[in-house]
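Q: Could you take a close look with me at one part of this model, the place where its two chains meet? I would enjoy a connected walk through it.

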Amino acid sequence: MNISKLKKAALVALTSVGALIATAGSAFAAAPKIDSGDTAWMITSSALVLMMTIPGLALFYAGMVRRKNVLATMAQSFGATCVITVLWMIIGYSIAFTPNPDASWNQFIGGFAYLFLKPMGLNAVSSLAGTIPESVYMFFQMTFAIITPALIAGALADRMKFSAFLWFMALWLLFVYCPIAHWVWGGGWLGTLGALDYAGGTVVHLNAGTAGLVTCLVLGKRIGYGNENMAPHNLVLSVIGASLLWVGWFGFNAGSAVTANVNAGMAAAATQIATAAASLGWMFAEWLVAKKPSVLGMISGAVAGLVAITPASGFVDPTGALIIGLAAGVVCYISAVWMKKLFGYDDALDAWGVHGVGGALGAMLTGAFASNAINSASKGWLYDGNIGQMLIQFYDVAAVFVYCGVGTFIILKVIDMIIGLRVSPEVEVEGLDINLHGETVHG
Amino acid sequence: MKLIMAIIKPFKLDEVREALSSLGVQGMTVTEVKGYGRQKGHTEIYRGAEYAVSFLPKLKVEVAVKVEMVDAVIEAISSKAKTGQIGDGKIFVTPLDRVVRIRTGETDGDAL
């Protein structure tokens, strides 16, 4: 009894000394205070967004291709993840998310001080995310930088050389993604102008979608497109992939609050509502037109809704989210099914039709439905009477579309001149899995 | 001896097998096959892209029987595999010259 009492007394004494030290420590701490809740949420969000690419996007795309190209499609998501991680550490984070010492240059591109993340010590904090370690902010933004180029793979499926694909990922990250991320989020001109893009409607989705459109035009159609059966080989994989995307997207949108606060909560709610509404929108549109509600349609609609709510998620109320979702489902159905047929481009897995069109639509509807009551940083058209926001959103959409379109075209042409973009017809017909990777699935 | 080859709808296999066993048929060979007859194929639509699938999955059931059993076997297969819908399948009957049971060396009628 005595011994245990002594032990208790000792513990109490130790605890109070510890508390005293902690209090004293915090009293002397420097201005930016790391918040453990925010930090925990942002590490979680980063992992969730990484899960969107591997295995989410990898499965979503791999299920939609023919059985001869399954592994090659997964290799694109996985390879992009690794190449971009390394490049982000070497230079990407520096030029996208750290300030350029020259204020006028800073409108367009970040600085070079963070090469190899040298200044990022244990206690470093970014001015863009004051309550979490910079290591976490760098990791969070890295997962966005990974999924954006990886999305382009949907347009170029079934016909690109893996070497050319990796070069494309690397160059596109540095010359297209990093500048645009800096323009909108890193202190550049579009953010200064007041463009609203909560989690990447233009930076991520319109950007990747536009690159997809340009890539499928430069590459040309797949051999047999329009004549041969190119039906998805296993839609179960795609359903699992789309569901992982959906779940991971809470890290994407709610994580973009960069804190665990009321904005993160509302962004999560808006994301869930818009996604379900978009899935129903696509499903009923297809049911009406093609007489059957396809499973591929339901999951495509969900992804369209996730894309369209991305720029809006932290700015709109639940009603706004519902309308944006429904609109995205119907509009992306029209673009993926009708527009593609009308113009005849072979956007194999609809990177442009879903991400490009959904991203642009979401960016414009963000201007319409952004509500000052939900986010004090925004004033939209319909709730707050700020019709000027629509023009700013349009500038954002146009700037990303034009810069990305031209940049992507130049990068592809350069790669094509040096190593060639497309596999030989023999390889394309026999399949990429066995020829590019020396492996097959399904025997 | 005759070889009876029946193309049937896959979900009718168990009924056909039971009916043939109760007739005394001692064995059968079943193969998954694809083909088309009057049913033709069907179309599948993926994000607006329509593909005609001409070959539908069926099962091919093969049984070897003595001549006197042929009519009963045909009757059993026809009645059990029938749904009345297009695509129920067909039965082919061909003469069979020799049969050998590999384990014992028995031949013809003894091997069935």
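How many residues does the contact take from chain A, and how many from chain B?

A: Happy to. This is a predicted model, so a word on the ground rules: local features need pLDDT of at least 70, side-chain atom pairs count only at pLDDT 80 or more, and totals for chains, interfaces and linings use all residues. Residues are numbered from 1 along each chain as its sequence is written, chains are lettered from A and ligands numbered from 1 in the order in which they are written, and side-chain values use heavy atoms, with hydrogens and water left out.

The contact (heavy atoms within 4.5 Å) takes 16 residues from chain A and six residues from chain B. About 960 Å² is buried between the two chains, and carbon and sulfur atoms give 57% of that area. Buried area here is the accessible area, with a 1.4 Å probe, that two parts lose on being put together, summed over both. Of the area that chain A buries against chain B, 30% is supplied by Asn229(A), Leu296(A) and Val337(A), more than by any other three residues.

The rule finds one salt bridge across it, a salt bridge being a side-chain nitrogen of Lys or Arg within 4 Å of a carboxyl oxygen of Asp or Glu. The partners are Arg47(B) and Asp350(A), whose closest N and O atoms are 2.9 Å apart.

On the chain A side, helix 2 (36–64), helix 10 (295–309) and helix 11 (318–343) each supply at least two of the touching residues. Helices (H or I, at least four residues) and strands (E, at least two) are DSSP runs, numbered from the N terminus. The largest share, three residues, comes from helix 11 of chain A. By class, the side of chain A that touches chain B has 11 nonpolar, two polar and three charged residues. In this scheme Ala, Val, Leu, Ile, Met, Phe, Trp, Tyr, Cys and Pro count as nonpolar, Asp, Glu, Lys and Arg as charged, and the others, Gly among them, as polar.

Helix 2 of chain A holds Pro55(A), and the peptide bond from Ile54(A) to Pro55(A) is cis, with omega near 10°. Beyond helix 11, Asp346(A) lies in the loop between helix 11 and helix 12 (351–369) of chain A. The side chain of Asp346(A) meets that of Arg222(A) in a salt bridge (2.9 Å, N to O). Arg222(A) sits in the loop between helix 7 (201–219) and helix 8 (235–253) of chain A, and the two residues are 124 residues apart.

Turning to chain B, let us return to Arg47(B). Arg47(B) takes a positive phi near 45° in the hairpin of strand 3 and strand 4 of chain B, which has two residues between the strands. Most residues other than glycine have a negative phi, and most peptide bonds are trans. Five bridges join strand 3 (residues 42–46) to strand 4 (residues 49–53) of chain B, and the two run antiparallel; two strands pair if DSSP finds at least two bridges between them.

Seven bridges join strand 2 to strand 5 (residues 56–65) of chain B, with Lys34(B) partnered by Pro57(B) and Glu32(B) standing opposite Leu59(B). Strand 1 of chain B is likewise joined to strand 5 by seven bridges, and Ile7(B) has Lys60(B) as its bridge partner.
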